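Have the structure open beside you as you read.

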Amino acid sequence: MTLHFPLARPADDPLAPPEIFRRLRDREPVTMATLWDGSRAWLVARHADVRAVLRDLPVSADITRPGFPRIFPLQQALPQGERPPFVLMDPPDHDVLRKLINADFVVRRIEALRPRIRRLVDEHVDAMLAGPRPADLVRAVALPVPSTVICWLLGVPVAEQGAFNEWTSTAIDATSTPERRAHAYGAIGGLLDRLLAEKEHRPGDDMLTRLARHVTSGAVSRHDALTTAMLILIAGHETTANMIALGTLTLLGHPEQADALRDDPGLAPNAVEELLRYLSIVDGVIGRVALEDFTLAGRQVRAGDGIVVLIPSANRDPGVFDDPDTLDLRRPARRHVAFGYGLHQCLGQPLARVELQVTLTTLLRRVPGLRLAVPMSELTFKQNDGVYGVRSLPLTWNEEN
Ligand code: HEM
């Protein structure tokens, strides 16, 4: 049987991974598939094998290498010969660039932002409650919260944040035309480039200032500084936004678990890990190419073969998680690979955790009558975008709120 990838999630259970992943884990944990452009790549379905690919085996994350799997047409968009962002690079270049901004994401620094993130979420919830019902949670909260926090980190001035938020939501909106998206990306790149130049003369305590200093000292090229800033924006915006919307939707579908979280906010850190595991929104963008021949789950992988790790499958591996298809906010979920694993493990995970903990608990606490305003079957999901999500999430609530 020829397996085509990416695969759609089940229409009748859109929060579950593709049904076939169960069979792959049981019977063909490493198997060949055909990608959208006709090229072939290995799919890796089990938790242990996914971790081995991401940490231990001789593979490369360098998208410019022959054989690197282009999983989505969008990945084809990288201009020929241009250096990619560091998520698609190998050491030593990857490590040099990651180290430049590592300190911005350490837990202590991100925790210091928690009170400010609380106020930001409260403001957006206030505005939503003051507006008409139903409201689209994606536009009202899920997109603007992470986008504004990224503005703080990068050092985008308040006066420019409105335009920045507009462009970022257009840029990641697969329903806007390619021209509009390209225009939005161009505008973001232009703004970040201008800010990098300005920060040399008017420094702040922010990431763009630090990157500008590294450009001045010659530690990094202007191109790499700009690409790094764009990476933070792209990696940190849609992922967190999709998790906020889908996390809310999941909790609304599991009222007893939502009650448990509302009654015990101390459950929030574990609840977020479980939602990350259960939803596994990064469901197709993680590719690698083999640098040497090796055997994986009995299959012979050759140097130059493309590999795609199936994060949603690994996160539902019954060998690691008991009863994996059940959402259980109290289960030990920390071994999930929703943030990847190894060298490229998500740099922004401390921030994503805080944003999700604050947003989900605030919504439950402040809007107790919160519910879907349309039947689940009317929601449109972002299938095959690389990061799973819902395009809009119409919610309503009780009037007394
Ligand atoms: C729920 C939200 C998020 C999820 C599920 C997520 C998931 C991931 C995953 C799976 C990877 C690994 C990619 C690979 O191995 O090829 C990754 C890498 C990365 N993420 Fe996240 N991410 C999230 C939020 C964020 C945020 C908020 C930021 C920053 C503001 C961020 C910045 C990055 C960066 C810079 C990398 C590249 C790391 C490297 O190559 O060393 N992410 N993310």
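Which helices each supply at least two residues of the lining of the second largest cavity? They are helix 11 (222-252) and helix 15 (349-366); helices here are DSSP runs of H or I with at least four residues, numbered from the N terminus, while strands are runs of E with at least two. Before going further, note that this is a predicted model, in which local features need pLDDT of at least 70 and side-chain atom pairs count only at pLDDT 80 or more, while totals for chains, interfaces and linings use all residues. Residues are numbered from 1 along each chain as its sequence is written, and side-chain values use heavy atoms, with hydrogens and water left out.

What do we mean by a cavity? On a 1 Å grid over the protein atoms alone, a cavity is a set of points where a 1.4 Å probe fits but cannot get out; a pocket is an open set with protein on both sides within 12 Å along at least five of seven lines, and lining residues have an atom within 4 Å of a point. Grid points are joined across faces, edges and corners, and a volume is the space filled by probe spheres set on the points.

By this rule there are three cavities of 30 Å³ or more. The second largest cavity, where we began, has a volume of about 50 Å³. Its lining consists of Thr248, Leu251, Leu252, Leu360, Leu363, Leu364 and Leu370. Sorted by class, that makes six nonpolar residues, one polar and no charged (nonpolar: Ala, Val, Leu, Ile, Met, Phe, Trp, Tyr, Cys and Pro; charged: Asp, Glu, Lys and Arg; polar: the others, Gly among them).

The largest cavity holds about 80 Å³ of space. Among the residues lining the largest cavity are Phe5, Pro6, Phe72 and Asn384. Its lining has seven nonpolar, one polar and two charged residues.

Now find the ligand. Around the ligand are 26 residues, and His94, Arg98, Arg288, His344 and Cys346 come nearest; to belong here, a residue needs a heavy atom within 4 Å of the ligand. Some of them make polar contacts, meaning pairs of N or O atoms within 3.5 Å (within protein, one must be able to donate a hydrogen and the other to accept it, and residues adjacent in sequence count only if both atoms are side-chain atoms). A polar side-chain atom of His94 is 2.6 Å from a ligand oxygen atom, and for His344 the distance is 2.6 Å. Arg98 has a polar side-chain atom 2.7 Å from an oxygen atom of the ligand.

Helix 11 turns up again here: with seven residues, helix 11 gives the most to the shell around the ligand. By class, the shell has 17 nonpolar, seven polar and two charged residues.

Helix 11 also gives the most to the lining of the second largest pocket, with four residues. This pocket has a volume of about 300 Å³, and its lining counts eight nonpolar, five polar and eight charged residues.

Finally, look at the cysteines. The structure holds zero disulfides, a disulfide being a pair of cysteine sulfur atoms within 2.5 Å. For Cys151, the nearest cysteine sulfur is that of Cys346, 18 Å away. Is Cys151 buried or exposed? Cys151 counts as buried because its relative accessibility is 0%, whereas Cys346, at 28%, counts as partly exposed (buried: under 20% relative accessible area; exposed: over 50%; partly exposed: in between, with a 1.4 Å probe and protein chains only).
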